[in-house]
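Here is a quick tour for someone meeting this structure for the first time. Take a look at the fold, then read on.

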Amino acid sequence: EEYFYIAVLGFIYWIVNKRFGDFLAITLGFSLTLNNVIKDFIEANRPFEDYNDIENKRPETATGHSMPSGHVQGSSSFFTAIALYLKKHIYLVIAITLTVFMMLSRMYLGVHYLKDVIVGAVIGIAIAVAAHIFFQKYHNKPKQLHIVYIILVLMFLPGFFIIASNDFFKGYGILAGVVC
């Protein structure tokens, strides 16, 4: 949930390490924003919408479309980014374990199909890996980083006028807030 991310990001940025906080926030903001663009493009139904016998056990977290799972994509990008930044094998094992638990919980709640959570995990992990490679290359070049940050915010700006999902605005808000 966004409150978890905001609390953890704030703690990491202000208490632990600002670069680490930047890396996580940009990775997460990009992942969540892209997720809602993809969802709006695919427009896949959720299992409880397709089948009357599937109960939506947590309707407040099942907003918008189904494919890919935003919770899985967000958590997999976030936890994988942490593991890659800290460069310890145990953190990668924890990230994979937490991602699998998130995948299982979203299916148990009746809000996602297996394909939704698999695609969400794959995209989330790919974003974390790409962000890690990018940050490794440019972490000592703040001017280039800031230019890329601004480009990311401007790239998703049309979504404000096209996408009607509150979830898009949450992800975009994290991304734009970090850049500002």
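Among contacts in the chain (heavy atoms within 4.5 Å) between residues at least 6 apart in sequence, 72% join residues at least 24 apart. Keep in mind that this is a predicted model: local features need pLDDT of at least 70, side-chain atom pairs count only at pLDDT 80 or more, and totals for chains, interfaces and linings use all residues. Residues are numbered from 1 along each chain as its sequence is written, and side-chain values use heavy atoms, with hydrogens and water left out.

What is the chain built from? Its secondary structure comes to nine helices and zero strands. Here helices (H or I, at least four residues) and strands (E, at least two) are DSSP runs, numbered from the N terminus.

As for overall shape, a compact globule of 180 residues would have a radius of gyration near 16 Å, and the chain agrees because it has 16 Å. That radius is taken over C-alpha atoms, and the globule rule is 2.2 Å times the number of residues to the power 0.38. Along the principal axes, the C-alpha atoms fill a box of roughly 55 × 40 × 25 Å.

Buried residues make up 43% of the 180 residues; buried means under 20% relative accessible area, exposed over 50%, and partly exposed in between (1.4 Å probe, protein chains only). The chain exposes about 9,800 Å², and carbon and sulfur atoms supply 69% of that.

In soluble globular proteins, nonpolar side chains tend to be buried together. The largest nonpolar core in this chain has 33 residues, and those with the most contacts inside it are Leu24, Leu28 and Phe78. Such a core is a set of buried Ala, Val, Leu, Ile, Met, Phe, Trp, Tyr and Cys residues joined through side-chain atoms within 4.5 Å. The elements that give two or more residues to this core are α1 (2–16), α2 (18–42), α4 (70–86), α6 (114–138), α7 (142–156) and α9 (166–179). The most comes from α2, with eight residues. Setting aside neighbours within four places in sequence, Leu28 is in contact with Tyr5, Leu9, Gly74, Ser77, Phe78 and Ile174.

Two other residues are worth a visit. Ser76 lies in helix α4 and is buried, with a relative accessible area of 0%. Leaving out neighbours within four places in sequence, Ser76 is in contact with Thr99, Gly120, Ala121, Gly124 and Ile125. Met103 is found in helix α5 (residues 89–108), and it is buried too, at 14% relative accessible area. With neighbours within four places in sequence left aside, Met103 is in contact with Val72, Val117, Ile118 and Ala121. Met103 and Ala121 are 18 residues apart in sequence and 8.0 Å apart in space, C-alpha to C-alpha.

Most residues other than glycine have a negative phi, and most peptide bonds are trans.

| Site | Backbone value | Loop |
|---|---|---|
| Glu43 | positive phi of about 55° | between α2 and α3 |
| Met67 to Pro68 | cis peptide bond, omega near -10° | Pro68 between α3 (47–50) and α4 |
| Lys87 | positive phi of about 55° | between α4 and α5 |

Is Lys87 buried or exposed? Lys87 is exposed, with a relative accessible area of 58%.

Note on methods. Accessible areas come from the Shrake-Rupley method with a 1.4 Å probe; for residues, only the protein chains shown count as cover.
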